[in-house]
There are 2 protein chains.
Amino acid sequence: MRVRITKLSNGIRVVSEKRKTVQTVSLGVWVGVGSRDETESLNGITHCLEHMLFKGTEKRSATDIAYEIEAVGGHLNAYTTRDNTLYYARVLKDDLPLAMDILSDILQYSRFDEKELEREKDVILQEIGQTNDTPDDIVFDNLQATAFKGQPLGRSILGTEENVEAFTSADLHQYLQNNYTSGNIVISAVGALDHNEMVRLVQEYFTSIPTGKPVQTDRAKFTGGRHLKRRKLDQIHLTYGWNGCSFDDDSYYPMQVYSTILGGGMSSRLFQEVREKRGLAYSVYSFASSHFDTGMFGIYAGTGPESAEKLTPVIRGEMEALATGLRAGEIDMAKAQLKAGLMMALEATTSRMEQLGRQLLIFDRIIPVEEMQEKVEAVGEEDVLQLASSIIEQKKTAFAAIGGKEIKDAAL
Amino acid sequence: MRVRITKLSNGIRVVSEKRKTVQTVSLGVWVGVGSRDETESLNGITHCLEHMLFKGTEKRSATDIAYEIEAVGGHLNAYTTRDNTLYYARVLKDDLPLAMDILSDILQYSRFDEKELEREKDVILQEIGQTNDTPDDIVFDNLQATAFKGQPLGRSILGTEENVEAFTSADLHQYLQNNYTSGNIVISAVGALDHNEMVRLVQEYFTSIPTGKPVQTDRAKFTGGRHLKRRKLDQIHLTYGWNGCSFDDDSYYPMQVYSTILGGGMSSRLFQEVREKRGLAYSVYSFASSHFDTGMFGIYAGTGPESAEKLTPVIRGEMEALATGLRAGEIDMAKAQLKAGLMMALEATTSRMEQLGRQLLIFDRIIPVEEMQEKVEAVGEEDVLQLASSIIEQKKTAFAAIGGKEIKDAAL
């Protein structure tokens with residue numbers, strides 16, 4: 001595995017990793033713009049644009065796009081996050097030029113036909129409905145909204161129905177022009193490829209990307225708050241959030257270790273106490289999300305209504321106990337999990353393609369896995385204990401729940 | 001990539017594929033017993049047993065099991081299907097002996113402590129609640145129940161709450177003794193390994209598996225029927241089912257091609273007509289499930305209540321149109337997708353480990369990818385058209401829906 005990076009004269013960055021033993025290649029075009037870059041009235045436009053880039057270009061209809069990639073057995077897809085947008089393809093090795101052709105076409109020459117837009121709005125409204133019907137999806141949107149109240153980072157990626165209905169072709173075109181600029185684009189690929197050939201393909205196909213610098217995103221601030229949503233469900237879905245840390249914060253690796261110890265795997269304190277000792281939940285885990293400026297440390301648990309009021313004290317108790325001291329071997333176990341997880345993430349081509357693109361967008365360099373492992377290794381018990389204390393001492397917390405009337409008894 | 005198979009003297013089969021470029025290994029123990037092998041009063045016991053094997057052995061507590069595997073950064077997990085049960089681990093290459101030790105320990109020396117069982121029943125009841133809260137999970141259980149009414153294949157994998165509450169340690173122990181026998185077990189691994197060393201480890205650790213032949217499963221028969229579940233949701237979740245085919249049926253590959261053309265990807269007729277042309281759904285797709293004796297061809301779509309009555313005629317219309325003839329290039333496109341999909345499935349270690357184990361259990365051999373690709377290639381237009389006609393002519397269909405009152409207008 002050998003990573004190579006090339007920065008083109010127009011500012012587009014290209015990164016690749018060749019795999020000798022595979023027959024396929026995963027290719028992604030990363031754009032450094034996400035829902036948190038939207039104004040309130042444009043909330044949802046990054047995601048709507050992502051959909052509309054599949055709806056036809058100057059030379060390809062929507063059907064052509066689908067047919068051309070699938071005729072060679074390839075896949076084409078995309079997703080939008082709060083921070084950025086990824087368009088990606090996976091194809092057999094000989095079809096890399098075709099994948100590059102199609103991805104470059106939809107990014108540069110999409111038509112935004114009004115009739116197609118109206119139809120696609122219906123699809124997005126259906127997608128919003130599907131998310132609303134999945135309690136352990138929507139509760140995370142609600143947690144995010146309370147954690148970063150009134151700020152772009154708190155809004156949903158799909159946007160509101162009203163916004164989606166109001167978007168025009170001109171809005172989309174303008175948003176693309178402003179944000180899909182050369183300095184804001186990273187192209188990454190992993191698999192059966194040659195780096196020089198890949199760079200040549202990018203130069204051949206990506207000729208009309210407007211020059212421009214990375215998008216400047218406003219900083220966000222954790223606010224905390226509560227969001228209780230009553231719905232007739234079998235379970236109560238509970239999420240808790242605390243102010244977390246940014247990607248380049250000194251606490252980043254300690255936070256990973258802390259989250260692994262508290263709620264990372266089967267050996268974690270929450271899994272052992274909530275599920276194994278008390279049978280209060282099937283799913284219980286913690287997570288740490290990070291952005292360039294801020295982040296959130298969070299916990300999810302789903303439980304029956306009869307256990308709702310028991311759960312929060314147990315979780316709180318585990319967090320407090322962890323702040324008083326680590327058990328023998330506990331930090332080494334968490335580090336072993338994180339280091340092995342870093343190794344395993346290297347092996348799948350698509351996840352590695354995503355990692356390379358994201359790192360180049362965020363850090364403007366690829367972080368060697370050894371460097372990440374060393375930083376994990378360097379985390380000390382004191383770092384974790386300090387973090388554990390600082391989290392439980394936070395005055396502002398976020399809490400979101402969905403379920404029956406018992407949700408009020410569960411609040412943090 | 002080179003597959004090697006060894007059948008041990010006690011009947012356990014071992015299959016492996018060495019990967020030179022990876023640092024990890026995925027190891028799975030397949031047991032050829034699933035929920036369809038259960039009597040009605042034992043429905044859920046295969047899954048309950050799968051949970052209980054993590055709850056302590058003669059020499060390891062539940063916590064020890066979690067700690068030992070995670071101390072080396074490994075993962076340990078399991079799942080139950082209607083046909084079989086898989087226990088698997090992913091570890092760094094030097095930890096293969098430990099993974100084998102732990103998997104063999106939980107399969108042979110689990111204690112089924114009564115107190116652990118009572119707690120684990122609570123976890124399973126929480127898992128049932130979580131499934132109930134996910135409309136596009138539970139609707140598939142309901143479809144299965146109407147498609148194979150009154151038969152083990154129609155029952156849910158998790159079982160009923162009443163059953164789960166009634167299981168005893170003795171039930172679990174008996175079920176394990178009867179079904180976890182040498183002829184019913186396949187051990188598969190993919191990654192950084194040596195086949196001979198792996199066989200030696202199996203021989204060293206799997207010494208107490210009772211000798212026995214593969215479980216004989218009763219044959220099932222597609223019945224069809226309807227299941228409408230009213231629930232206040234944003235969407236109507238619709239599933240349709242037809243009598244499908246078994247793994248070794250001559251229609252198996254034609255069915256794969258048919259399902260790909262009708263609802264397989266972005267270029268499929270359902271995606272193009274339902275989503276792209278009409279904006280009626282975000283998710284719409286078809287699938288073909290197969291067992292040793294039977295199978296189901298099915299379709300899922302989620303839509304808003306206002307579109308519920310439109311959807312079924314559109315789906316029906318696409319199925320009828322497809323039976324009248326294929327478009328130019330359509331069959332080649334479907335074949336290209338299936339063949340590339342087969343290539344891609346080889347590359348990820350865990351999915352390849354699963355494929356090898358499943359094939360050895362079902363066919364008692366590993367099917368070379370070239371053979372599968374040739375069978376895909378051999379499917380003719382007439383095969384697909386005949387299948388398309390025979391499906392729409394079926395008198396018995398299955399239909400399950402969950403959502404508001406409009407679900408009754410959507411029924412097939």
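Analyst: A residue is called exposed when its relative accessible area is over 50% and buried when it is under 20%, with partly exposed in between. The model is a predicted one, and a search of the whole of it finds 62 salt bridges over all chains.

One of them joins Lys59(A) to Asp101(A), with the closest N and O atoms 3.9 Å apart. This pair links distant parts of the chain, since Lys59(A) lies in the loop between H1 and helix H2 (62-71) of chain A while Asp101(A) belongs to helix H3 (residues 96-108), 42 residues apart. Lys59(A) has a relative accessible area of 59% and is therefore exposed, whereas Asp101(A), with 13%, is buried.

In another bridge, Arg82(A) pairs with Asp141(A), and here the closest N and O atoms are 3.3 Å apart. Distant parts of the chain are again linked, Arg82(A) being in the loop between S4 and S5 of chain A and Asp141(A) in helix H5 (residues 135-147), 59 residues apart. Arg82(A) counts as buried at 14% relative accessibility, and Asp141(A) counts as partly exposed at 23%.

In chain B, the side chains of Asp83(B) and Arg36(B) meet in a salt bridge of 3.8 Å, N to O. Asp83(B) lies in the loop between strand S4 (75-80) and strand S5 (85-92) of chain B, and Arg36(B) in the loop between strand S3 (24-31) and helix H1 (45-52) of chain B, so the bridge ties together parts that are 47 residues apart in sequence. Asp83(B) is partly exposed, at 24% relative accessibility, while Arg36(B) is buried, at 5%. Beyond such pairs, salt bridges that share partners join Lys55(A), Glu116(A), Arg119(A), Glu120(A), Arg275(B) and Glu276(B) into one network.

Helix H1 (residues 45-52) of chain A is also worth a look. Eight of its eight residues are buried, so this helix is largely enclosed by the rest of the structure. The cover over the buried residues of H1(A) includes strand S4 (75-80), strand S5 (85-92), helix H4 (114-132) and helix H7 (169-179) of chain A, together with helix H10 (269-277) of chain B.

Finally, some charged residues gather in a negative surface patch, formed by Asp122(A), Glu161(A), Glu162(A), Glu165(A), Asp234(B) and Glu306(B). Helix H6 (residues 161-166) of chain A gives the most to this patch, with three residues. Asp234(B), found in the loop between strand S7 (225-230) and strand S8 (236-243) of chain B, is partly exposed, with a relative accessible area of 36%.

Key
Residues numbered from 1 in each chain as written. Chains lettered and ligands numbered in written order. Predicted model: local features only at pLDDT ≥ 70, side-chain atom pairs only at ≥ 80, totals over all residues. Heavy atoms only, no water. Patch = residues over 30% accessible without salt bridge, like charges linked within 9 Å, V, L, I, M, F, W, Y side chains within 5 Å. Areas by Shrake-Rupley, 256 points an atom, 1.4 Å probe, with all protein chains shown as cover. Salt bridge = Lys/Arg side-chain N within 4 Å of Asp/Glu carboxyl O. Lys, Arg positive; Asp, Glu negative; His and termini not counted. Charge placed at Lys NZ, Arg CZ, Asp CG, Glu CD. Helix = DSSP H or I, 4+ residues; strand = E, 2+ residues; numbered from the N terminus. Buried < 20%, exposed > 50% of the residue type's maximum accessible area, 1.4 Å probe, protein only. Contact = heavy atoms within 4.5 Å.
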